[in-house]
Amino acid sequence: MSMSGDSKEPREEQSQAPLIEHLIELRSRLMRAVIVILVVFLGLYSFANDIYTFVAEPLMALLPEGSQMIATEVASPFLAPFKLTLVVAVFIAIPFVLHQAWAFIAPGLYDNEKALAIPILVSSIALFYGGAAFAYYVVFPLLFEFFTQTGPENVAVMTDINQYLNFVLKLFFAFGVAFEIPIATFLLILSGATSVESLSKKRPYILLGCFVVGMLLTPPDVISQSLLAVPMYLLYEVGLLFGRLVRKRKEEKETAEEQEADL
């Protein structure tokens, strides 16, 4: 009895050892990611006010000369730039953070999965940045022009800096995530969860869903909803296109393998 008990304990210790090692590695990579974000934040903090001025430029450019934003809370002049700088630090550090995540999961992947995952990872980062850039350079000017010109003439636009920051961060995040639609569509097709034909038949529902999402994630006006919904639908079509290409290559590869097997 004692011998069987002694042999059982080493087995439990051996089974727990890999789990502990994985947890230690995960903690190490999380710490690295946090340290990099803090380093970037400290490097940017002296430019916090300049960063906020840059983000506020699409609105300030449309206000009458001499107009300015206001701070309705005592700590807002400090907290708003501080919060924005921290978000920008995370934004800049995203490639490193995702690289740490990739390094953690890569050992458990097959070679063909690694070859596919790297382009998907790089594309996801690029699309997220592209969505944020689209929001800043295309959506913000149109949106703020609409807001500033539709109000009564005797109402002065004096936006609170904290409210403005919350507004633009919400749009940055919404457009960044929306631009990931091609990746999500591609992965659904690749995993076999759905097919190109099935998704093609659901185009009317997808289009309606894009406008519903635009309604939920953007301010209650047609312009901002359309500026999010239309790119979302176009990106969905891009995902379908890549799905077709991958399926075609997969079928050609399977056909070639069958021909080789027959020979």
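Okay, so before the first slide, one convention: helices (H or I, at least four residues) and strands (E, at least two) are DSSP runs, numbered from the N terminus. What we have is a predicted model, where local features need pLDDT of at least 70, side-chain atom pairs count only at pLDDT 80 or more, and totals for chains, interfaces and linings use all residues. Residues are numbered from 1 along each chain as its sequence is written, and side-chain values use heavy atoms, with hydrogens and water left out.

Overall fold, then. Of its 263 residues, 30% count as buried; buried means under 20% relative accessible area, exposed over 50%, and partly exposed in between, with a 1.4 Å probe and protein chains only. Contact here means heavy atoms within 4.5 Å. Among contacts with a separation of 6 or more, 84% are between residues 24 or more positions apart.

On to the UniProt record. The unreviewed entry places "transmembrane region" at residues 30-48, 84-105, 117-144, 164-193, 205-222 and 228-246. Those positions are given in the numbering used here, feature names are shortened, and annotations may be inferred rather than shown by experiment. I checked two of the spans. Residues 84-105 are 100% helix and 0% strand, with the end C-alpha atoms 31 Å apart. For residues 117-144, again 100% helix and 0% strand, the end C-alpha atoms lie 38 Å apart.

Now the surface. Accessible areas come from the Shrake-Rupley method with a 1.4 Å probe, and for residues only the protein chains shown count as cover. The total is about 16900 Å², with 67% of that belonging to carbon and sulfur atoms. Which residues form a nonpolar patch on the surface? They are F54, Y137, V138, L142, F146, F147 and I223, with about 620 Å² of accessible area together. Patches are made of residues with over 30% relative accessible area and no salt bridge, joining like charges within 9 Å and nonpolar side chains (Val, Leu, Ile, Met, Phe, Trp, Tyr) within 5 Å. Helix α4, residues 111-150, gives the most to the patch, with 5 residues. Y137 lies in that helix, α4, and counts as exposed because its relative accessibility is 59%.

For contrast, take T185 in helix α6, residues 181-191. T185 has a relative accessible area of 5%, so it is buried. Leaving out residues up to four places away in sequence, T185 touches L199, Y236, G239 and L240.

Last topic, aromatics. Rings of Phe, Tyr and Trp (its six-membered ring) pair if their centres lie within 6.5 Å; planes under 30 degrees apart count as stacked, over 60 as edge-to-face and the rest as tilted. That rule gives 17 aromatic pairs. Y45 and F82 are edge-to-face, because their planes sit at 75°, with ring centres 6.1 Å apart. Y45 is in the loop between α1 (2-44) and α2 (48-60) and F82 in helix α3 (residues 76-105), so this pair ties together parts 37 residues apart in sequence. Y45 is partly exposed at 35% relative accessibility, and F82 is partly exposed at 29%. F91 and Y129 make a tilted pair, 4.6 Å centre to centre with 55° between the planes. With F91 in helix α3 and Y129 in helix α4, that pair ties together parts 38 residues apart in sequence. And ring pairs link Y52, F54, Y136, Y137, F140, F144, Y164, F167 and F172 into a cluster.

Key. A salt bridge is a side-chain nitrogen of Lys or Arg within 4 Å of a carboxyl oxygen of Asp or Glu.
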